[in-house]
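Please examine the sequence and the three-dimensional structure shown here before reading on. The paragraphs that follow treat a few residues in turn.

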Amino acid sequence: QVQLVESGGGLVQNGGSLRLSCVASGIIFRINVMAWYRQAPGKQRELVAAINERGSTNYGDSMEGRVTISRDNAKKTVYLQMDSLKPEDTAVYYCKADVSTGGAFTGAWGQGTQVTVSS
């Protein structure tokens, strides 16, 4: 079974920065895309950023220019550096990974980490 565990969330002031981490564990043969999503109360979950195993990145519109996604394949870890945070960035941030345990890739989700930006 694959597990994703996020860390690094918390309370930060308007204009501040946070760095989120997500570590994958379990029986893992290969990880393709790793991504960060977020979901604010009453809103749909949305893509923040994604990165494939070769390092190609894709950013959602909501935080582009203020976030940087990176990964360490050896550590099975993906990071999200978030700068110039705004109160509207307050949400639960989820990690997602497309994982193969030897067969087809399936999506796995973390439990989420709360990010709260105070005004």
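A residue is called buried when its relative accessible area is under 20%, exposed when it is over 50%, and partly exposed in between, as judged with a 1.4 Å probe on protein chains only. A salt bridge is a side-chain nitrogen of Lys or Arg within 4 Å of a carboxyl oxygen of Asp or Glu. The model is predicted, so local features need pLDDT of at least 70 and side-chain atom pairs count only at pLDDT 80 or more, whereas totals for chains, interfaces and linings use all residues. Residues are numbered from 1 along each chain as its sequence is written, and side-chain values use heavy atoms, with hydrogens and water left out.

Let us begin with Glu-6. This residue lies in strand E1, which spans residues 3-7; helices (H or I, at least four residues) and strands (E, at least two) are DSSP runs numbered from the N terminus. When residues up to four places away in sequence are not counted, Glu-6 touches several others, among them Cys-22, Trp-36, Tyr-94 and Cys-95, where contact means heavy atoms within 4.5 Å.

The salt bridges come next. A search of the whole structure finds five of them. In one, Glu-46 meets Arg-38 with N and O 2.6 Å apart. Glu-46 is partly exposed at 31% relative accessibility, while Arg-38 is buried at 8%. Arg-38 also forms a salt bridge with Asp-89, at 2.9 Å from N to O. Because Asp-89 lies in the loop between E8 and E9 and Arg-38 in strand E4 (residues 30-39), this pair ties together parts that are 51 residues apart in sequence. Asp-89 has a salt bridge with Arg-66 as well, with the closest N and O atoms 2.7 Å apart. Arg-66 belongs to the loop between strand E6 (57-59) and E7, so its pairing with Asp-89 joins parts that are 23 residues apart in sequence. Both Arg-66 and Asp-89 are buried. Together, Arg-38, Glu-46, Arg-66 and Asp-89 are linked in a network of salt bridges.

Thr-90 also lies in the loop between E8 and E9, and it is partly exposed, with a relative accessible area of 22%. Its C-alpha atom is separated by 6.5 Å from that of Ala-40, although the two residues are 50 residues apart along the chain. The side chain of Thr-90 reaches the backbone oxygen of Pro-87 at 2.9 Å.

Finally, consider the backbone angle phi. Lys-76 is not a glycine, yet its phi is positive, at about 55 degrees; this residue is in the loop between strand E7 (67-72) and strand E8 (77-82). Ser-84 likewise has a positive phi, near 50 degrees, and is found in the loop between E8 and strand E9 (91-100).

Note on methods:
Polar contact = N/O pair within 3.5 Å; in protein donor to acceptor, adjacent residues only side chain to side chain.
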